[in-house]
Structures are given as structure tokens and as C-alpha cells.
Amino acid sequence: MRRMLRSPLLWTFVVSLVLLLAVGGWLLTDPATSRSEALKTGGIAGGAIVALYALWLNDRRRRVEERRQEIERQRQELELRRADQDRDRISDERFAKAVELLGHDADQVRVGALHALAGLARGRAVYTQTVLDILCSYLRRPFKHPRYADTAKLPGNTPPKEGEVAEDQELQVRQTAQRLIGELLPAADSEGTRGYDLDLTGAVLEYLDLSDRKIGKLLLRYGGLYNSTNLSGCVFLGPVYLTGAGTKEDKRIGFFRCRGAKFTQRAWFSGVQFSEDVEFDGTVFAGETSFKDSVFAKNAVFTGAEFGKTLDLRRARFEGFSDLKFRKAPVSVSFYNTTVEPERDHELPAGWVVETLPDGRARLTVKNG
């Protein structure tokens with residue numbers, strides 16, 4: 001009985017019936033109103049109550065549905081957060097395990113760990129810079145190979161030195177790390193991508209190929225770049241430092257290609273020992289550039305290079321052929337004991353001359369400078 005009294009539907013019908021009787025009865029007291037009109041008007045009044053109840057009921061259903069959808073949305077968000085947390089936990093576990101395996105004795109395990117880290121970076125962009133830091137850190141570990149030393153060239157029939165197999169295996173691991181770094185870096189012509197930083201200070205690298213990649217800040221101070229290095233087509237968004245590369249612990253810099261690259265900030269090649277040909281043709285140096293105290297043991301090609309600011313060539317030595325026909329000359333050039341090979345022909349910008357010294361050496365200078 002109490003449930004019936006609390007029912008909105010029952011009370012709606014009761015109120016509607018009462019209103020029907022009240023309005024109809026009141027209209028019947030008027031002689032000018034017919035019975036049919038009185039009943040019709042009373043029915044309209046009672047129907048209005050029913051209509052109001054229907055509107056209230058629809059509004060209630062709508063609010064209930066909205067609450068249900070909000071609860072469902074919150075539930076889905078909670079599930080997504082849980083899934084993200086699970087994914088982060090699994091990624092962190094994979095990351096920690098892969099880093100741990102980098103110290104394993106077996107070279108194939110270390111290679112697998114490198115690939116696991118690279119796969120993690122490909123799947124979660126937030127890990128990319130961290131993974132690149134770890135790959136660079138691995139390459140910064142001390143490493144020597146017999147063929148890197150000038151005195152280690154063995155005759156053809158001489159068996160390898162003891163321990164060379166292990167060194168070859170480690171070299172394969174290191175070259176895998178180099179290749180993965182190149183794969184993780186975005187393409188040079190990609191839009192809306194960031195430039196990741198690389199810290200390879202003191203690293204020993206062989207056949208490094210980062211061509212056509214976008215790089216942030218590059219540190220390669222006192223590194224060794226053996227056989228060949230290819231940075232052609234790279235876009236460097238941050239400063240680049242190769243200061244002293246090829247000078248420590250018998251390190252060398254082999255064939256160095258950096259054609260058509262773009263240095264948007266400072267490019268510092270001070271004190272670099274280039275032991276093979278160097279190619280900077282078509283490269284853009286937008287910031288301050290320095291080759292102070294650097295040595296070009298063989299050919300140095302800067303054909304079509306562009307300089308946006310200053311160029312420092314103090315105490316630089318060009319021991320082979322040099323092509324310095326820039327497309328755009330620097331704002332200012334610093335010369336001091338900048339020597340060239342007097343017996344070789346040199347392509348020079350307008351206003352630059354080769355001055356022969358009394359001791360037979362030759363140096364670069366500016367006319368009337």
C-alpha cells in the first residue's frame with residue numbers, strides 16, 4: 001500500500017482524474033457550456049498532467065543514461081590508465097633487463113640486448129633519447145683493435161694474435177650499436193621531429209654512418225673514427241664538437257664525408273687530425289665554425305660550402321690538395337700560421353693567397369692583410 005502511495009504514476013493518474021472531474025464539473029455549472037465541451041476541456045486539463053509526467057519521466061531517463069555513460073567513461077579511463085601502467089611497468093622491466101644484459105660475456109647476448117633497447121625506443125618514443133644515451137655510453141667504453149695500430153699490420157700468412165677473435169666479436173657488437181643509433185634518429189627531411197642528442201666523447205668508432213639524419217647536439221671530442229665516417233646530408237640542430245678528435249691514444253680519423261650537411265649552430269673542429277681525405281662540399285655552416293689547430297693530412301674539399309658567420313683557421317695545416325672555393329664566404333676569417341703544401345695546387349676564394357715563407361713553407365693569408 002505504501003509503495004502504491006509513493007508511485008508517481010499512480011499520483012499522476014489520480015491528479016489527472018481529479019482535475020478532469022473538477023474542470024468538467026465546474027464547466028457544467030455554466031448553462032452556456034455543453035456537456036461534450038466540458039468533458040473535452042476537462043480531458044485536456046487532465047492530459048496536461050499526464051504529459052508533464054511523461055516529460056519528467058523522459059528527463060529522468062536522460063539523466064540516468066548520462067550518469068551511466070559517465071560511469072562507463074570513467075571505467076574506460078581507469079582501464080586505460082591501468083593498461084598504461086602495465087605497459088610502463090613491462091617497458092621498465094624490459095629496459096632494466098636489457099641494460100643488465102649489456103654486461104654479459106657472450107657477444108650475441110649483448111647484441112640481443114641492443115636490439116631489445118632499440119625495439120623499446122621504437123615502440124615508446126619517450127624512451128628514444130634514453131636508449132640513444134645508453135648506446136652512446138656503450139660505444140664510449142674503452143676499446144682497441146689490433147688493426148687500429150700502425151704497428152699491428154700482420155703479414156698475410158701470419159695467424160691472428162691471441163685474443164683477436166674476442167676483439168672482432170666486440171667490434172660486431174659495437175657496429176650493431178652504431179647502426180641502431182642511425183636507425184633511431186629521424187630522417188633529415190622529416191618535419192615536426194625533434195633532434196636527439198648524441199654524446200660520443202672519446203668513443204672508438206668504425207664505419208660510422210649517420211647520413212641523412214637529423215641530430216640535436218653532437219659531442220665527439222677526442223674520438224677515433226676509423227676507416228670511414230659518413231655524415232653527409234645530416235642536419236645538426238644543436239652545436240657540434242669534434243674538438244681534438246683523432247689525437248688521443250693513437251686514435252685516427254679516416255675518410256671523413258660530410259657533404260651537403262647543415263650545421264645550424266656552432267661547428268667546432270678544433271685540433272682534429274684528419275688522416276685521410278675530407279669532404280665538406282656543399283655543406284652549410286650557419287654558425288661559428290672553427291678548424292683551429294686541425295691537420296688535413298690529405299685532400300680537403302670545401303667546394304660550394306656556405307658560411308654564415310666566422311671561420312677560424314689559425315694554425316690549421318693543409319698537407320694535401322685543398323679546394324676552398326666556397327659558395328658563400330664567411331663574414332670574417334682568422335689566419336695565423338695557416339700552412340699549406342707549397343708544391344700542390346690550391347683552389348682559394350677571391351682575396352686569399354698562398355705566401356711562401358723563407359724556410360720553404362707556405363701559408364694562407366689575405367691580400368694586403
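Me: Where is Glu191 placed?
Reply: Glu191 sits in the loop between α6 (164-184) and β1 (196-199). Helices (H or I, at least four residues) and strands (E, at least two) are DSSP runs, numbered from the N terminus. This is a predicted model: local features need pLDDT of at least 70, side-chain atom pairs count only at pLDDT 80 or more, and totals for chains, interfaces and linings use all residues. Residues are numbered from 1 along each chain as its sequence is written, and side-chain values use heavy atoms, with hydrogens and water left out.

Me: Why is Glu191 called exposed?
Reply: Its relative accessible area is 77%. Exposed means over 50%, buried under 20%, partly exposed in between (1.4 Å probe, protein chains only). So Glu191 counts as exposed.

Me: Why is Val111 called partly exposed?
Reply: Val111 has a relative accessible area of 22%. That value lies between the 20% and 50% limits, so Val111 is partly exposed. The residue belongs to helix α4 (residues 107-123).

Me: What does Val111 touch, not counting residues up to four places away in sequence?
Reply: Val173 and Thr176. Contact means heavy atoms within 4.5 Å.

Me: How many residues does the protein have, and what share is buried?
Reply: There are 369 residues, and 40% count as buried. The secondary structure comes to six helices and 24 strands.
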